[in-house]
Amino acid sequence: MKKWTLAAIPAVLLSIALISGCTKVAAKREPYGNNPDTTKTHHSEDHGHKSHHADNHHNIETIGLDKARKLALAELEITDSDYTETKYELDDGKYEFEFICGDYEYECDIDAYTGKVMKCETERIYHHHYSSSSDRINTDKAREIALAHFELDADDCIERKAKIDDGEYEFKFICDGCEYECDIDAYTGKVLKSEIERKYAPDSNTSYIGLDKARELAIPHFELSGKKYIEKKAKLDDYEYEFEFICNGYEYECDIDAYTGKILKSEIEYDD
């Protein structure tokens, strides 16, 4: 019995030493919330990086902030280096930018993976550079710009609205059953906004182009030819064919004029 006790002593001492060592190591381990490697945040990035969202872009590299910015500036035709970037962020699969240059505020969203322009807006925010109405372009000049933007002939249109408001000329025309709206900067002639909506059939002898033909126009417009996509909506409503597609984590919406095939509306957004 005495021999058994003496033989067991080394094993007991070894067990105590192991337990003591493990306790010391555990005491040195940082809590999860205080570990610097687990609490880092990245507000922006200058290079493409791997996406780890649970979507179809898993592990696909983004184009990067610098390239997205160059695409946005080119789309907005901002060539002046003297601009202020008031916003840039990566959100829901797209880079969102806001710039101020001269008297304008510009907004542009760029697809983070393909570089496609998803949204583009311009708004005049300053008017103090112009001291009097003599600095404005006249209504006739603004009208010419609006008609040229829509490729319309004044003789073929009915002018429903022409007024100046807050530094912008606002025009509305009716032509071949469509309503055209256009806002023109009263000082520079820049087109700030343009919309087209079909209101009624052009004439009784004109027929619809058909759903299949409209789809053929919508698909290449979004460069979806040859790609796998899901068609969520395809219907005729108020003289317009309305389509919605899902492809690679994005939702594409397109309205096609039911008579002429003209694209009236086009939107792309990240599909949650």
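**Exercises on a pocket, a glutamate and the cysteines**

The lining of the largest pocket has 14 nonpolar, five polar and 21 charged residues. The model is predicted, so local features need pLDDT of at least 70, side-chain atom pairs count only at pLDDT 80 or more, and totals for chains, interfaces and linings use all residues. Residues are numbered from 1 along each chain as its sequence is written, and side-chain values use heavy atoms, without hydrogens and water.

**Exercise 1.** Find the element that gives the most to the lining of the largest pocket.

*Solution.* Start with the space: about 1,500 Å³ lies in this pocket. Next, take its 40 lining residues; Lys119, Cys120, Glu121, Ser194 and Ser266 are the closest to the centre. Lining residues have an atom within 4 Å of a pocket point. Elements giving two or more residues include helix H3 (139–150) and strand E12 (263–270). E12 gives the most, with eight residues.

**Exercise 2.** Decide whether glutamate 96 is buried or exposed, and find its polar partner.

*Solution.* Locate glutamate 96 in strand E2 (residues 94–101). Its relative accessibility is 10%, so glutamate 96 counts as buried (buried means under 20% relative accessible area, exposed over 50%, with a 1.4 Å probe and protein chains only). Now look at side chains: a polar contact of 2.9 Å joins glutamate 96 to lysine 87 (a pair of N or O atoms within 3.5 Å, one able to donate a hydrogen and the other to accept it).

Key
1 Å grid on protein atoms, 1.4 Å probe; cavity = no way out; pocket = protein on both sides within 12 Å on 5 of 7 lines; lining within 4 Å. Points joined across faces, edges and corners; volume = space filled by probe spheres on them. Helix = DSSP H or I, 4+ residues; strand = E, 2+ residues; numbered from the N terminus. Nonpolar A, V, L, I, M, F, W, Y, C, P; charged D, E, K, R; others polar.
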